[in-house]
Amino acid sequence: MPSNISGFQESLDKRKEKGTLRRLRLPSDGVDFYSNDYLGFAKSKELQHLLLEKVTENPQLLSGSTGSRLISGNSDIAVSVENEIARKHQFESALLFSSGYNANLALFSTLPGRHDVIIVDEQIHRSVHDACQLSNAKKLKFRHNDLEDLEHVLKRQEAHCYIAVESLYSMEGDFAPIREIVAIAEEYNASLIVDEAHSFGVFGYGLIEKYNLHDHVSAAVITYGKALGSHGAAILCNETVKSYLINFASPFIYTTSAQDFQWMSIKTGYEFLDQNHELAEKLQNSIKVFRSRNLQSPSAETSPVQAIVIPDNQRLKELQDILSEEGFLTYAIYSPTVKEGSERLRICLHSFNTEEEIVKLTGIIKEFIENKK
């Protein structure tokens, strides 16, 4: 066996000893408190029926795209869906990607140049960090949601700066002070890029729309694998940025386009979202029930992600196992994915979770925490 393979195995063995080895598992039966399917779209029989009708009317949707969009993979459907997305979000343009990861990879590896600086919230998604490694720009961090620290970092820069934030953070379950960050970005002539992955659908079309900030951000990322129950992403921007990405973004240029069914499912998902506003209200009711149980959490009161900090990998695994035995599907975030001492159970709430389920879940967590004091 080559020496590098033995090194790989050693690293895997260490994770196994710590109980943090990742494995692929098939979905289990149980009450969903771990998926990003906030509005239940991925499980919706009604939405599935609508998509089936689209495919029945046009089976060609299921065919492969045959190439990148710059060669043979572009289509009338892709273009029309981009135009519709841009219109709905009140941006000049939109550019579709097969995933949010690829969208962030394209943005941050392409827009910032060699002499630019990318300033990221320390809790920004891993895709942004990976993109920065591909960029020639310098990357700096600021403390999570700390406006004073952000301004402190900006003051020390002479180059043009890009600021990267999420409107709703998926680990903490808290919101970026987006309006205040906009003001700071404009004061220092910085370009602001906002990832709306966990806000879209939960709060209408996202917090940029909610606060009418369309003209104050350089680009935004909308992903469709969460509240929309589909897959893929769109970068919202102006025509110049879109054209620049088409010409210079490797993750766009050298990726085979998704099949038209993916783009059509996004379009249908928007239509379904527009017709079912009550699902977001049901989700907020689920969140209110959870918050009324008075579990200590760093998360925002209206966030669909509620983090319960259990600062020890073994204790956290024990709690997750107990919940699993009771039929509750949850997701534990171990260090080093988060800082040691901030390990947490990431609870995702949904429009379809019942009050009874939430009360039982929180009761088990409360009892576990009390018994471990």
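Strand S9 (305-309) and helix H14 (355-371) each put at least two residues into the lining of the second largest pocket. Keep in mind throughout that this is a predicted model. H14 is the main contributor to that pocket's lining, giving three residues. The second largest pocket has a volume of about 250 Å³, and 14 residues line it, the closest to its centre being Gln-296, Ile-308, Val-309, Ile-310 and Ile-369. Sorted by class, the lining of this pocket holds seven nonpolar, three polar and four charged residues.

**The three-stranded sheet**

S9 also belongs to an open sheet of three strands, ordered S9-S12-S11 with antiparallel pairing. S9 and strand S11 (331-333) are the edge strands, and each of them pairs on one side only. On average, neighbouring strands here are turned by 30° against each other, ignoring direction.

**The seven-stranded sheet**

The other sheet to look at is open too, with seven strands in the order S2-S8-S7-S6-S5-S3-S4 and mixed pairing. S2 and strand S4 (138-142) stand at its edges with a single partner strand each, so one side of each has no neighbour in the sheet. Neighbouring strands in this sheet are turned by 20° against each other on average, again with direction ignored.

Further along the order, strand S3 (residues 117-121) and strand S5 (residues 161-166) pair in the parallel sense over four bridges. Val-117 faces Cys-161 in S5. Helix H6 (residues 147-155) lies across S3, S4 and S5, and runs at about 150° to S4.

**A helix crossing**

Helix H4 (residues 100-110) and helix H9 (residues 239-248) have axes that come within 10 Å and cross at roughly 95°. That angle makes H4 roughly perpendicular to H9. Which residues make the contact? From H4 they are Ala-106, Leu-107 and Thr-110, and from H9 they are Tyr-244, Leu-245 and Phe-248. By class, the contact of H4 with H9 comes to five nonpolar residues, one polar and no charged.

| Cavity | Volume |
|---|---|
| Largest cavity | about 100 Å³ |
| Second largest cavity | about 50 Å³ |

Strand S2 (93-97), along with helix H10 (250-253), turns up again at the largest cavity: each supplies at least two residues of its lining. The lining of the largest cavity consists of Arg-69, Leu-96, Phe-97, Ser-98, Asn-102, Pro-251, Phe-252, Thr-255, Thr-256, Ser-257, Ala-258 and Trp-263. These lining residues divide into six nonpolar, five polar and one charged.

Around the second largest cavity you'll find His-89, Phe-91, Glu-196, Tyr-205, Gly-206, Ile-208, Glu-209, His-214, Ile-222 and Leu-236.

Note on methods
Residues are numbered from 1 along each chain as its sequence is written. This is a predicted model: local features need pLDDT of at least 70, side-chain atom pairs count only at pLDDT 80 or more; totals for chains, interfaces and linings use all residues. Side-chain values use heavy atoms; hydrogens and water are left out. On a 1 Å grid over the protein atoms alone, a cavity is a set of points where a 1.4 Å probe fits but cannot get out, and a pocket is an open set with protein on both sides within 12 Å along at least five of seven lines; lining residues have an atom within 4 Å of a point. Grid points are joined across faces, edges and corners, and a volume is the space filled by probe spheres set on the points. Ala, Val, Leu, Ile, Met, Phe, Trp, Tyr, Cys and Pro count as nonpolar, Asp, Glu, Lys and Arg as charged, and the others, Gly among them, as polar. Two strands pair if DSSP finds at least two bridges between them. Axes are lines fitted to C-alpha atoms, for helices over the stretch in contact, and angles run from 0 to 180 degrees between N-to-C directions. Contact means heavy atoms within 4.5 Å. Angles under 35 degrees count as roughly parallel, over 145 as roughly antiparallel, 65 to 115 as roughly perpendicular and the rest as oblique.
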